[in-house]
Amino acid sequence: YGLVGSEMCIRDSADAAYFDAIERDMPALRVRDARALIDAVARSCEIKASVVERDEREGGLRAILNFGHTFGHAIEAGLGYGEWLHGEAVGAGMVMAADLSHRLGLIDAGVLQRLQALVVAAGLPMRGPAWPSARYIELMSVDKKAERGTPRFVLLERLGGARVQRVPDAPLTLTLAACTGGSASADTSA
C-alpha cells in the first residue's frame, strides 16, 4: 500500500506552493519522516479548516475537498467497501479527475503529469478497476454528491484551483477508458 493519508495531502494542495512542497517531500513522507509528516498534516489541517470556515454549509468552495472522490466512491461501491483503502480509491480518482480536467481543456498536460507522478510517488493506484464506462457512470449517479442522478465532478482549473460541474458523456467515457482499461460498453455488471 501507499502512504495512508497521502491522498489527502495531494487533495489539499490548495495552492501551488503546497503542491510543490508535497512533491519535494514525498520521499520523506513515504519513509514516515516525522518532520515531513508533521508539516504535511499541519498544512492539510490548516487548508481544510480555512475552506470549511469560509463555506460552513458546503455551498460551493468546500466541494473542492472532494477532489477525486466522485470516482473514488464509485470504486469503493463497485468493489465493496474495504476491498481498496479509501485513500487508494481517492488516489486513482484524483488521476481520473485530473485526466478529465485535461480532456475538458481546464489544465495542461504538464499539470496532469505532475499530479500523476505525485500519485505514483505516494504509492497509490493510477488506474481504477477495468469496468465498462457504463458501470462507473451507474455507480457515480447514485453518489451522495450527484444532482438528480447526474454525477458532479471536482475538476482542476490549475494547481490550487478547482470547480464543480457536470460533464458531457464523451470526455467522461474517454477518461474512464484511459484510466481504467475498461471499455465504453453498456454492460454494467461488476
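Thr-180 is found in helix H8 of this predicted model, and with a relative accessibility of 4% Thr-180 counts as buried, since the limit for that class is under 20%. A polar atom of the Thr-180 side chain lies 2.4 Å from the backbone oxygen of Leu-176. Once neighbours within four places in sequence are left aside, Thr-180 is in contact with Met-96, Arg-127, Gly-128, Pro-129, Ala-130, Trp-131 and Tyr-136.

Ala-178 also lies in helix H8, but at 35% relative accessibility Ala-178 counts as partly exposed. Ala-178 and Asp-99 are 79 residues apart in sequence, while their C-alpha atoms are 8.6 Å apart in space.

From here the description can turn to helix H5, which covers residues 86-103. How far apart should the ends of this helix be, at 1.5 Å a residue? The 18 residues of H5 should span 26 Å, and the end C-alpha atoms of the helix are 25 Å apart, which agrees with that expectation. Of these 18 residues, 15 are buried, so H5 is largely enclosed by the rest of the structure. Gly-91 is found in H5 and is one of the buried residues, with a relative accessible area of 0%. The C-alpha atom of Gly-91 is separated by 9.2 Å from that of Gly-123, although the two glycines are 32 residues apart along the chain. Just after H5, Gly-105 takes a positive phi of about 80 degrees.

Positive phi values also occur at two arginines. Most residues other than glycine have a negative phi, which is the background against which these two can be read. Arg-32, placed in the loop between helix H2 (16-30) and helix H3 (34-54), has a phi near 60 degrees. Arg-148, for its part, lies in the loop between H7 and S1 and has a phi near 50 degrees; with a relative accessible area of 77%, Arg-148 is exposed.

Helix H7, at residues 133-141, contains the buried residues Ser-133, Arg-135, Tyr-136, Leu-139, Met-140 and Ser-141. Against which elements do the buried residues of H7 pack? They pack against H4, H5, strand S1 (153-158) and helix H8 (169-180).

The pairing of H7 with H4 can be followed in more detail. Two packed helices are described by the angle between their axes and the distance between the axes. For H4 and H7 the angle is about 100 degrees and the axes are 9 Å apart; the two helices are therefore roughly perpendicular to each other, because angles of 65 to 115 degrees are assigned to that class. On the H4 side of this contact are Thr-70, Phe-71, Ala-74, Ile-75, Ala-77 and Gly-78, and these meet Arg-135, Tyr-136, Leu-139 and Met-140 of H7. The residues of this contact divide into seven nonpolar, two polar and one charged.

Thr-70 deserves a separate look. It is found in helix H4, which covers residues 69-79, and with a relative accessible area of 8% Thr-70 is buried. The side chain of Thr-70 reaches the backbone oxygen of Arg-152 at 2.8 Å. Not counting residues up to four places away in sequence, Thr-70 touches Met-140, Pro-151, Arg-152 and Phe-153, and of these Met-140 is a residue of H7 that takes part in the contact with H4.

These local views can be set against the protein as a whole. The protein has eight helices and two strands, and from the N terminus on the elements run α-α-α-α-α-α-α-β-β-α. Of its 190 residues, 47% count as buried. Among the contacts in the protein with a separation of 6 or more, 69% are accounted for by residues 24 or more positions apart.

How values were computed:
Residues numbered from 1 in each chain as written. Predicted model: local features only at pLDDT ≥ 70, side-chain atom pairs only at ≥ 80, totals over all residues. Heavy atoms only, no water. Helix = DSSP H or I, 4+ residues; strand = E, 2+ residues; numbered from the N terminus. Expected span 1.5 Å × (residues − 1). Buried < 20%, exposed > 50% of the residue type's maximum accessible area, 1.4 Å probe, protein only. Polar contact = N/O pair within 3.5 Å; in protein donor to acceptor, adjacent residues only side chain to side chain. Contact = heavy atoms within 4.5 Å. Axes fitted to C-alpha atoms, helices over the stretch in contact; angles between N-to-C directions. Parallel < 35°, antiparallel > 145°, perpendicular 65-115°, else oblique. Nonpolar A, V, L, I, M, F, W, Y, C, P; charged D, E, K, R; others polar.
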